[in-house]
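Hello,

Here is the structure for your files. My notes on it follow below.

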Amino acid sequence: MARMTRKVAVVLFNLGGPDKPEAVEPFLFNLFIDPAIIRVPQPFRWLIAKLVSKRRAPVAKEIYAALGGGSPIVPLTRDQGQALEAALAGGESEFRSFIAMRYWHPFADEAAAAIKAWGADEIILLPLYPQYSTTTTESSFRDWERAAAKAGLSAPVKTVCCYPLAPGFIAAHVALLRDVIAKAGGTDGIRILFSAHGLPKKVIEAGDPYQAQVEQSCAALAAALGIEGLDWVTCYQSRVGPLEWIGPATDKEIIRAGSEGKSLIVVPIAFVSEHSETLVELDKEYGHLAKESGVPRYFRVPALGTEPHFIEALAGLVRAAQASDTILCPEEAAGHVCTARAGLKMAG
Ligand SMILES: C=CC1=C(C)c2cc3[nH]c(cc4nc(cc5[nH]c(cc1n2)c(C)c5CCC(=O)O)C(CCC(=O)O)=C4C)c(C)c3C=C
Ligand SMILES: [Fe+2]
Ligand SMILES: [Fe+2]
């Protein structure tokens, strides 16, 4: 008798972005109503979300206008999903990727309904956040649990937690960074800025492992480059709101580099695809700031996208998650920092 092919759904999680100007304000509202982002009880959170999304919408609309009115994050995530399906093809299982964005379409509800209709035998949760944060990965996982229950999904679930040091993830960054270093003619007079999305300080103080994992990624990448005396700094971008955020801030580092006559290569270390934070903030706003601040030369390394080492790393994580009990946390297994498993248990 012919063996049935096992259907494995791989759910790709990311933050999402508005697809048209009218979507900007509701996208922002969805973001600020998330208790993982604004940590105050209802009904105050609703009120804050309403006020802040209304106030931020004009600025955000300008940002997305520079990208033609919407974010490219969904089409670029589709490309990643297709590349991942190709990398996983050829074995006993049939893998299909589904996208669950946290704050705009396609939402987790849409992914869960599509997986139910497909009739998956197994579900792998794969965050497109290499470094775990309660504000991103954990928020997506909690939202997934709700959506999966609503859709009546009962297939076994395996979860990838974080992968800040996955060899293929680091190798992908090394390959892209080496290309830019070659274009710059070497690293003389150059400082590398590893720029990650920031977080409010109090989120880290409450035990979020994100900053520690970002710093692990940066140190591993700098070591893997193998360039003696390399000048590099980890810094944090995209601050919003009145709270104190972790630092140093990327814009302050650009001004400092200008005052020291240093050229810069900026690496987006916590984003795996291009979107407003890379194409507008890093390229346009910070490119302009670098010029104004006297930075002699300013380069930006592309986000990972479908870089082959990265896609292989994701495929390896999917296979390893299949073989794990329920949660795959390579960092915890290696004795590194990840409080995520405890957080996920609490969420369960
Ligand atoms: C590592 C990734 C990210 C973390 C951590 C993160 C935390 C975080 N973000 C905000 C506020 C905003 N983020 C916005 C956009 C945005 N953020 C990320 C990633 C992380 N956010 C992505 C991938 C995107 C989408 C960009 C796109 O598709 O274009 C925005 C909207 C844009 C803007 O108005 O600037 C806001 C607002 C907070 C408050 C936060 C942690 C508390
Ligand atoms: Fe963000
Ligand atoms: Fe983890």
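Domains and sheet

The centres of domain 1 and domain 2, taken over C-alpha atoms, are 26 Å apart. This is a predicted model, in which local features need pLDDT of at least 70, side-chain atom pairs count only at pLDDT 80 or more, and totals for chains, interfaces and linings use all residues. Residues are numbered from 1 along each chain as its sequence is written, while chains are lettered from A and ligands numbered from 1 in the order in which they are written.

The protein divides into domain 1 (6-15 + 71-164 + 307-347), domain 2 (21-65) and domain 3 (167-300); the bounds come from an automatic or database domain assignment. Seven residues of domain 1 are in contact with eight of domain 2 (contact: C-beta atoms, placed from the backbone, within 7 Å). On the domain 1 side there are two nonpolar, four polar and one charged residues (nonpolar: Ala, Val, Leu, Ile, Met, Phe, Trp, Tyr, Cys and Pro; charged: Asp, Glu, Lys and Arg; polar: the others, Gly among them).

Five strands form an open sheet with parallel pairing, in the order S2-S1-S3-S4-S9. Strands are DSSP runs (E, at least two residues), as are helices (H or I, at least four), numbered from the N terminus; two strands pair if DSSP finds at least two bridges between them. S2 (93-101) and S9 (327-328) are the edge strands with a single partner each, so one side of each has no neighbour in the sheet.

Strand S1 (residues 6-14) pairs with strand S3 (residues 122-127) in the parallel sense over six bridges, and Val 10 stands opposite Ile 124 in S3.

Regards

Key:
Two residues are in contact if their C-beta atoms, placed from the backbone, lie within 7 Å.
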